[in-house]
Amino acid sequence: MHKRWTVWLLVILALYTLLGFQVLPWWLERALPQQLEQRLGWSASVEEVTANPYAMSVTVRGLDASDGQEPVLRLQRLHLDLGFLQLFRGLVALETIDLDQPYLRVDLLEDYGINLLRDWRAHNPRPEGEPQPPQSGSEGEPARLYFGRISLNQGEVLLRDFSKAEEASFEIRSLDLVLNDLATFPNENGSGYRFNATLGEQSLAWEGQLNLVPFSSSGRLRLENLAATTIGHFAAPYLPYELRQGRLTVASDYRTNTRDGLTLETSNGRIEISDLAVATGSEEGDTPDLALAALVADSIGFSLSRRELGVGEVSLQGLDARVQRAGDGSLNLLRPFADDDQTGETGKADGEPDTGAGQPFRWSVAWVGLEQSRVQWQDAVPEQAISLDLSEIQLNVEGLSHELAEPVRYDASLVAAGGRLSGSGQLTLSPFTLEAGVSAQALSLAAAEGYLKELAALDVKAGQLTLDGDLDLDGQTEPLTGTFSGRGELTGVALARTGEDRNLVSWQSVRLEPIEYNLAPARLEIGSIALASPEVRLERSQSGALNLIEVLAGDDPDDPQGADSDRGGEDGDGFIFRVGEVVLQQGTVNYTDRSLERRFATRLHQLSGSMTGLSNVTPQKGRVNLSGRVAEAGDLTVEGNLAALGSDQTSTLDVDLDQLSLPLLSPYFARYLGYTVDGGKLALALDYRLEGTQLSGTNHIVLDRLELGQSVASEQAVDAPIKLGLALLRGSGGQIELDIPIDGDLEDPNFQIGGVVMGAFANLVIKAATSPFSVLGSIADLTGLTGPELSAIGFRPGSAELGEGEARKLEALSQALNQRPGLVLDIRGAVAPVLDGPELAAQGGALEEALDQLAADRGETLQRQLTETYDVDSSQLYLRDPIRDAGLGEDAELVRVPVALQAR
């Protein structure tokens, strides 16, 4: 019996050995290709299969499979060791699984399927009526599996993507995996693992501990040098921008488990981005809209259960952003979000449930630093596009967190427009508040030329801005409030009218200190404005338009809209401004008038003085005190009181001008009088009153020793004896002294002070020239005599004796002649046969001869009395040929002998 049992044991052992060493490998060599063909449709071959029934191991070498076209699976060696002893513990165990140099091809198909699943489903259809396989999480305990060691050495995965228009392939090489003590049941020691893979220069390293039941894992993950092309290929549909280039490295420690719900904790995290370039366009030739040399975020930690994210330091190097504002006002960097109108204020799509756990998300960033960065700002909204380069940007921000009301410290600086901007302080994000000490040093105004053109048609030829102060903004209520306190200076400014080379306005410097500006309500207060060496080129064109008015963009003198928009008031409505003092030093105004037939040009220079108390708030009163020179010798002073600007209150101005050379004004005399000026001086005393835009006042004008030059043609000049008119107006000292009133509306484009005054002066001259005796009332005491009465002297009929009361006419005439040496009096003796005839006939003699003699005697009588009795210079008296048709007095009792005034 014993021998029989031994024989059977030997037989069984021999059979087991035969099956294990020979039959099993033989069967596996044929079964594996058949199964791959049957289950997946792959054509496969196996180089060798060996087995050791005593070691409970199987080794497969040289497995190759293809899907009929290309290789899909390949491995050099697969070695399996069954854990025999574990079976007694009720475990299905594999002590060792080794894969050497495995290869797998994974294709992402056009329909987003995977070739492996496609092949499986094609060869393993589910019969109709067969129930679905149990879902994960169904009742029942999982099989108790144990894997002592799983290793994968030098593996390779070829991933090909056919789901997009442009095919792509990724060769993942050097796949290495070591996994120890993996169990599908609770395992106190856990499973240690290590996984590595490379894709070109990209690599993945992952190591730690793993428990499947209950699930938990801890370790460290590092994804290094992930290329932008890799990220962009798979994530492009979800990214707002096109990734052009860049590298990403991510590393973090982590811990996760599902004991009490899913928990995830990360620590010691680090993110590195290098050589990043993104664009909003799709053309490869486009310049990237944003480039970044390097970004490093360190000390990153996250807790899912606590809903908390913490970042230690974030450092950015070499940011280069191209920010473009299109003509419609849209920004290139925001353009990808322009069509995203499916989210509301919460950021969730319409109808999306709120999955928040109720606990607020908390986050913090200890420090953010930006260095050596640049922003290229391009603005196509203004008519003249603006390009501004912001370089050497430095920014440090400290203390960012979800506590948006907590202050955040910052400091920043950059180079722009040839100068440097800097600021530092603190801010809160919600509600928004900002405290900043700001400084702008030597910024070129030319950089902002396009924005200036929105206000005026000006080119900035030169100029720099310097600004220092403190800025405070507060957005806790609407509207945003804020203040600025500081000082500013504009130096070396030169502005030219668009398209012209000559400066229109320039100055050496303008200092404003202190500046106090309030945002809402809008209020600007400036203590002092010091303006050094300003120069203005003021020109009137042939049409009469003033260049300073024409440069104002969109200015319409006929449109009153907005006329009161900046007017302050007692209730403080609207924009309010106050200027304590404006100090002017060595100002110059070059004035040219081309509306005249002969161009007029002069210069107001050495203009200095001050204006104090300027404001648009009633009842503010200011003072003006200026002095300067006009041309070479004219002395100008301006004094007065200034009402609140833009109000209807009264301003008064006293303007005095002395020693101005009259030949300078020849173009105006030529227009209105038809003569140039050869000599003389002008003095003005102007007394003006301004109420709102209504101007009224008097112009006291003194023309000293005015001498006319040559006659010139002028359409506006009246054909009249101008020299006689001037001679009548000229006093004994050679001066013409006049008071000319003025009244008009400054908003009327046709109202010009100079033109009104010169026109009034011309009218006086013409009136004097055409009606000389009518103006004698202003230069002599006529004691009730009228101009027409002075034009003839009454004589008794038949006699050379003056009529009663006629001598006072001679006295008045003598006053005019003595005071105005330039006047001469033409005396024409005359008789009236109607009255003189009967008287002469009664005296006897030839009537005709008597009439002629009487006419001559009357002329000589007037000449003699004027020279002997009234001391008139004989050179001012001329006897004309007598006439016989003298007029009669109103009472027909006297004979009127005519006299006429002329200029020498």
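Where is Y112 found? Y112 is found in the loop between β5 (103-108) and α2 (115-123).

This is a predicted model, in which local features need pLDDT of at least 70, side-chain atom pairs count only at pLDDT 80 or more, and totals for chains, interfaces and linings use all residues. Residues are numbered from 1 along each chain as its sequence is written, and side-chain values use heavy atoms, with hydrogens and water left out.

View 1. Most residues other than glycine have a negative phi, and most peptide bonds are trans. Y112 is not a glycine, yet its phi is positive, about 70°.

View 2. E513 and P514 are joined by a cis peptide bond, with omega near -10°. P514 lies in strand β22 (residues 503-518). The bond from T618 to P619 is cis as well, and its omega is about 0°. P619 sits in the loop between β26 (600-615) and β27 (621-630).

**View 3. The second largest pocket.** The second largest pocket holds about 620 Å³ of space. A pocket is found on a 1 Å grid over the protein atoms alone, as an open set of points where a 1.4 Å probe fits, with protein on both sides within 12 Å along at least five of seven lines; lining residues have an atom within 4 Å of a point. Grid points are joined across faces, edges and corners, and the volume is the space filled by probe spheres set on the points. The lining has 22 residues, of which E166, G232, H233, E242 and L243 are the closest to the pocket centre. α3 (228-235) and β11 (242-257) each supply at least two lining residues, and α3 gives the most, with four. By class, the lining has 10 nonpolar, six polar and six charged residues. Here Ala, Val, Leu, Ile, Met, Phe, Trp, Tyr, Cys and Pro count as nonpolar, Asp, Glu, Lys and Arg as charged, and the others, Gly among them, as polar.

**View 4. Helix α8 against α6.** Two packed helices are described by the angle between their axes and the distance between the axes. Axes are lines fitted to C-alpha atoms, for helices over the stretch in contact, and angles run from 0 to 180 degrees between N-to-C directions. The axes of α6 (residues 666-673) and α8 (residues 753-770) come within 10 Å and cross at roughly 50°. α6 is therefore oblique to α8; angles under 35 degrees count as roughly parallel, over 145 as roughly antiparallel, 65 to 115 as roughly perpendicular and the rest as oblique. The crossing of α6 and α8 is right-handed, meaning that the near helix is turned clockwise from the far one by less than a right angle. Y668, F669, Y672 and L673 of α6 make the contact with G755, M758, G759, F761, A762 and V765 of α8, where contact means heavy atoms within 4.5 Å. These residues comprise eight nonpolar, two polar and no charged.

**View 5. Helix α8 against α7.** α7 (residues 722-729) packs on α8 at an angle of about 100°, with the axes 7 Å apart. The two helices are therefore roughly perpendicular to each other. I722, L724, G725, L726, L728 and L729 of α7 meet F761, L764, V765, I766, A768 and A769 of α8. The contact of α7 with α8 has 11 nonpolar, one polar and no charged residues.

**View 6. Helices α11 and α12.** α11 (residues 833-843) and α12 (residues 847-869) pack at about 115°, and their axes are 10 Å apart. The crossing is right-handed. In α11, D836, G837, L840 and A841 meet L847, A850, L851, L854 and R858 in α12. Six nonpolar, one polar and two charged residues form this contact.
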